[in-house]
Amino acid sequence: MPTPRMALLTGAGAVLVGVGYAAGNGAGAAVQWLVCGALLGLSALDLSLLPRRRSLRVSRSLPEQADIGSPFEVTVRAEVPQPVSLKLTVADDLPQTFLSPGASLTAAWEGKAAEVRYTTLGRERGEYHFRSVWLRLRGRIGLWEKQARVELGQTIRIYPDMSGVRGILSSMQNQLTLEGRRIYRKERSGSEFHAIREYVPDDDPRFVNWRASARSRTLMTNVFRPERGKVVTILLDCGRMMGIELDGRTKLDVSLEAALALAAVALKQGDKVGLLAFSNRVKAYVPPDSGLLHLQTLTAAVYNLQSDFVEASYSTALQHLLRVQKKRSLTVLFSDMDNYMFEEGLRPLLMRLKRQHRILLLGLRDEVLQGWALAETAGRRQAYVKSVAHKFAVDRQTVAAEMAAGGIDIVDVPVGQLAWTAVNRYLDLKSNDSI
C-alpha cells in the first residue's frame, strides 16, 4: 500500500507536470515521463528492499496464565534470513476485554530480527484466544508499505486475583497472612499432640510434661494442634444473583477469590478440600484431596466459571453433595444473602445436611443498602428509602438469628471482608475441633 510520502511525491510531480504543460513547447510530456519514470524506479527499488512474505517468520510470546487485572508483557518477534533495514509496525489481535496498548507498536528493524513489546491485562476471568498478528513493513525510501497477516493461535487463562492465596502460601505455618494482615490463630488449641517445647509464663500449667522436664531439668510443656486430615467442602453459587456487581466486581468474583483463599489455608493446615459449583445444575465438582498441589486442580476447575442467568438450585447442589460426600466435613456455602432469605425449601435441606456435616453460610452484604439504612432523613422520600433499607437489614438479621438457632452458622459480610471472615471462621472451628 502507498505511504503518505508516496502521495506527497505524486502530488508534487503532478504540479511539475502541470507547470510543464503550461509552459508549452512539449515540456509537459517530457516532465510527465520524467516524473513517472522516477516514481516507478523509486517504487521498484523500495519494494525490492522489503522482505518477501514467504521468508518472514513471526512468533508471539505471552504467559500461559495471568491474574485478573495484573499487567503482563507480550512480545512479537519477526525474523528474515537476510539482514534488512526498515520500520516495523505491529497490530495484535487482542481479545475484546483486554487493555489496548494505545500507542502504535513500532520498532526499527536493523538486522535479521526485530521485536515489539507491549503490556496488557485481562479485565475478566476466563480462557481467551490470541489469533492473528498484522505486520506493516516500510523500507528506507518509505514510498510503499508491505502488509502481512500471520495466524498465530495462542491461548491464555485469566485467573481470579491470587495475590491473597500467594500471601498465604508464602507465610510461615504459624503466621498466616491474608491481604497484609495476620490471620487469627488460637494458640495451644486442638487435641492432636504436636511437639514438646520449653515452658513460657503464658502456657497452660495443665500441659506441663513432667517426664520431659525431669530429663532436661527444665520445665517443658506439650504443644497440641487441631487434628489434621479433616474435610472442607466449598460450595459456590453461580446463579443469577451472583452476577451482580459490588464495588466494581461481581459477587461471583469476590466469592471465588475468598473460596480459593480458604482452600489454600485448609490445605496448608493439612486438611482435604473439595469444591462444588452450581447454578440450576452442577457446573463443576472436585473431590476432596490434600496437598498444596491440589490447589492447582481447584483453581483450574473454577477459574473460568461464570454466573448463569437462572436461579440457583440448592436442592440439586445439596443432594449431589449428600450422594458424593459421605465423610463428615465443614461445608462452606458462598452465595448471596437474599437467596438464603427467599429460597423456599432451603432450610429443610440445610437441616438434613446438618445431620452429617458442619455448615457455614457466607453472604455478601450490599454496602449501598446499608448506607441507606444509616442515612440522614432530609425529607419524605429519604425517610421512605431509609425505612425500606432498614426493613431489609432487620430481615437479614432475623434470618441469621433463625439459622443460628437451628445450629447453622450464617455470616453477612461486606465485600472486602469475605475472604478474611471465611478463613478466620474456619480456623476458629478447627481450633475448637468443631469440624
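**Reading helix packing and cores**

Author: Let's start with a pair of helices: H5 and H12 run roughly parallel to each other. Keep in mind that this is a predicted model.

Reader: Okay, how do I read a helix pair, and what are the angle and the axis separation for H5 and H12?

Author: Two packed helices are described by the angle between their axes and the distance between the axes. Here H5 covers residues 251-268 and H12 covers residues 418-431. They pack at an angle of about 30°, with the axes 8 Å apart. Angles under 35 degrees count as roughly parallel, so that is the label H5 and H12 get. The crossing is right-handed.

Reader: Which residues make the contact of H5 with H12?

Author: On the H5 side you'll find Val254, Ser255, Ala258, Ala261, Leu262, Val265 and Ala266. H12 brings Leu418, Ala419, Ala422, Val423, Tyr426 and Leu427. Sorted by class, that contact has 12 nonpolar residues, one polar and no charged ones.

Reader: H5 has another partner, H6. At what angle do H5 and H6 cross?

Author: The axes of H5 and H6 (residues 293-302) cross at roughly 165° and come within 10 Å. Over 145 degrees the label is roughly antiparallel, so H5 and H6 are read that way. This crossing is right-handed. Leu256, Leu260, Ala263, Ala264 and Leu267 in H5 meet His294, Leu295, Leu298, Thr299 and Val302 in H6. By class, the H5-H6 contact has eight nonpolar residues, two polar and no charged.

Reader: And how are H10 and H11 arranged?

Author: H10 and H11 are oblique to each other. H10 is residues 367-374, H11 is residues 380-405, and their axes come within 7 Å and cross at roughly 120°. The crossing is left-handed.

Reader: Let's move on to cores. Which residues touch the most other members of the largest nonpolar core?

Author: Think of a nonpolar core as buried residues joined through their side chains. In this model the largest core holds 50 residues, and Ile234, Leu236, Phe334 and Tyr426 touch the most other members. H5 gives the largest share of that core, with 13 residues. There's also a second, separate core of 33 residues, which includes Ala66, Leu88, Leu94 and Ala114.

Reader: What does Tyr426 touch beyond its sequence neighbours?

Author: Leaving aside residues within four places in sequence, Tyr426 is in contact with Val232, Leu262, Val265, Ala266, Gln269, Asp271, Leu330 and Ile435.

Notes: Residues are numbered from 1 along each chain as its sequence is written. This is a predicted model: local features need pLDDT of at least 70, side-chain atom pairs count only at pLDDT 80 or more; totals for chains, interfaces and linings use all residues. Side-chain values use heavy atoms; hydrogens and water are left out. Axes are lines fitted to C-alpha atoms, for helices over the stretch in contact, and angles run from 0 to 180 degrees between N-to-C directions. Helices (H or I, at least four residues) and strands (E, at least two) are DSSP runs, numbered from the N terminus. Angles under 35 degrees count as roughly parallel, over 145 as roughly antiparallel, 65 to 115 as roughly perpendicular and the rest as oblique. A crossing is left-handed if the near helix is turned anticlockwise from the far one by less than a right angle, and right-handed if clockwise. Contact means heavy atoms within 4.5 Å. Ala, Val, Leu, Ile, Met, Phe, Trp, Tyr, Cys and Pro count as nonpolar, Asp, Glu, Lys and Arg as charged, and the others, Gly among them, as polar. A nonpolar core is a set of buried Ala, Val, Leu, Ile, Met, Phe, Trp, Tyr and Cys residues joined through side-chain atoms within 4.5 Å. Buried means under 20% relative accessible area, exposed over 50%, partly exposed in between (1.4 Å probe, protein chains only).
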